[in-house]
Each structure stands twice: as structure tokens, then as C-alpha cells.
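Here is a friendly briefing to read alongside your model. Have the sequence and the 3D view open as you go.

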Amino acid sequence: MHYHILTLFPEMVLSGLKTSILGRAEDNGYITIEATNIRDFSEDKHRHVDDYPYGGGAGMVMQPEPIYKAYKSIEEKIEAAGRKKPRVLYMTPQGQVFNQNLAEELAKEEDLVFLCGHYEGVDERILEEIVTDTMSIGDYVLTGGELPAMVMIDAISRMVPGVLSNQVSGEFESFHDNLLEYPQYTRPVEYHGKRVPDVLLSGHHANIEKWRREKSIERTLKWRPDLLADAVLSKKEREYLDKIQ
């Protein structure tokens with residue numbers, strides 16, 4: 001997986017993404033993370049990349065030409081490497097809300113380009129020309145697209161084979177089968193008067209799996225009941241859900 005980030009603040013995204021698990025994943029060759037500074041492609045002597053909006057209004061709008069040239073520099077490198085034309089994701093509150101299913105889908109790509117807007121947005125014409133997907137991480141407004149891009153790259157990378165030392169961990173965490181994750185416990189057995197549930201100490205794997213699935217159903221019902229409509233449940237699990245409802 002090769003990530004290409006079009007941004008005005010490359011140091012912001014690189015300092016956050018090249019650490020911890022993602023940093024090790026890049027060192028081991030499972031992913032690459034590159035940030036392209038859009039200002040480097042400005043023809044203005046002061047490296048301006050924005051201007052006043054036509055029709056008036058507050059704030060500034062990012063110009064299309066520097067973004068186009070920055071994107072073409074990435075596209076040319078991808079083509080030279082013999083890989084297919086990439087999907088280009090624009091970070092905007094108006095986009096499709098990012099979720100685990102999308103993370104799994106996007107993890108199958110070889111290259112992903114993230115366009116991070118700033119100011120009052122980006123000239124619509126460049127969005128129409130290069131963007132394939134508009135993405136949002138929630139119904140709120142941020143100062144730029146860098147944080148959403150970092151969130152998405154983190155989530156997508158967990159689905160890339162080899163990134164996690166235990167790949168099962170990436171596949172069976174929260175939102176597996178559209179359910180929230182079950183409670184987790186570690187040593188000591190008793191802490192502040194609360195014991196680890198006996199079933200987890202039993203060594204009986206079938207009972208442990210049954211308990212975990214039931215706890216996932218309970219948590220989802222309590223915290224995210226909206227997910228249950230698309231949850232993947234067995235007949236017995238569906239009966240259990242009906243019972244606790």
C-alpha cells in the first residue's frame with residue numbers, strides 16, 4: 001500500500017504517521033507514506049495557493065492549478081512504477097462517512113491519494129477533474145483535511161497484511177460482523193474488588209467465544225443499536241438479542 005498525501009502541511013501528517021505501528025510497517029516495507037507539499041507547485045513568487053472566492057464571501061479558496069500539478073507529479077510516479085491510476089480521496093464534511101467496511105475496501109488498493117483542503121475549501125473544478133471519492137470522518141468541521149486523512153490511513157493500514165503483528169487482531173476488533181468489541185481483561189485477576197469473569201479463566205474456548213459474542217451484542221445494543229440492523233448473527237445469537245431487548 002502506497003499513501004500519497006497532498007497537503008500544505010507535510011510535517012504535520014508525517015510526524016504523526018511515521019511513528020508506532022505505522023512507522024514500523026513502513027520500515028518493514030508493508031506501506032509507504034509520502035506527503036507532497038502543494039505550495040511547491042505554486043507559480044506565485046510568494047508560493048500562494050489560495051485566492052478570494054468569486055461571488056464574495058468570507059475566507060479564501062485553494063486554487064486548482066497547484067493542486068493539479070502536485071497530483072500529476074504523483075500520478076506520473078505511479079504510472080512509471082507500472083501501477084494503475086490511483087483513487088483520489090478528498091477530505092470534506094460533505095463526503096461519504098468513513099467506516100470499517102470502507103477501510104477494508106480501500107485496503108485492497110495499491111495506491112491512495114489523499115487531498116487535504118484548507119481555508120474555505122478547494123476550487124470545484126479540480127475536484128471534478130481528479131477526485132474519485134469524497135470522504136468524511138463525521139458531521140463536524142475541522143481546520144483542514146490532514147487529521148481526517150491520518151485517521152483514515154491508520155484505519156486502512158490495519159487491514160493491510162503484515163502491518164499488525166497479529167493479523168487476527170485487525171480482523172476481529174470493534175465492528176467485526178457490525179458488532180462492537182467485547183470487554184477485555186488482563187492481570188491481576190482481581191482489581192479494586194472486581195474479578196475477571198470466571199469464564200475467561202476456564203480455558204473452555206467454546207464457552208469463552210459464546211460469552212464474548214453475547215457481550216458484543218449487549219454492548220452494541222447499549223451503545224450503538226443502529227449497527228444491529230446489519231449485524232451478522234446466528235439464529236441463537238438473534239434469539240439472545242431478542243431476549244435482552
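How many bridges join β1 to β6, and do they run parallel or antiparallel? There are 5 bridges between β1 and β6, and the two run parallel. This is a predicted model, in which local features need pLDDT of at least 70 and side-chain atom pairs count only at pLDDT 80 or more, while totals for chains, interfaces and linings use all residues. Residues are numbered from 1 along each chain as its sequence is written, and side-chain values use heavy atoms, leaving out hydrogens and water.

**Strand β1**
- β1 also pairs with β2 (residues 32-37), in parallel and through 6 bridges; strands pair if DSSP finds at least two bridges between them.
- Ile-5 stands opposite Ala-35 in β2, and its bridge partner in β6 is Phe-114.
- Because 5 of the 6 residues of β1 are buried, this strand is largely enclosed by the rest of the structure (buried means under 20% relative accessible area, exposed over 50%, partly exposed in between, with a 1.4 Å probe and protein chains only).

**Nonpolar cores**
- The largest nonpolar core has 29 residues, and Tyr-3, Ile-31, Phe-114, Met-152 and Ile-156 have the most contacts inside it (a core is a set of buried Ala, Val, Leu, Ile, Met, Phe, Trp, Tyr and Cys residues joined through side-chain atoms within 4.5 Å).
- α6 gives the largest share of this core, 6 residues.
- A second, separate core of 19 residues includes Ile-67, Tyr-71, Tyr-90 and Leu-115.

**Around Leu-142**
- Leu-142 lies in the loop between β7 (133-136) and α6 (146-157).
- Leu-142 is partly exposed, with a relative accessible area of 37%.

Notes
Helices (H or I, at least four residues) and strands (E, at least two) are DSSP runs, numbered from the N terminus.
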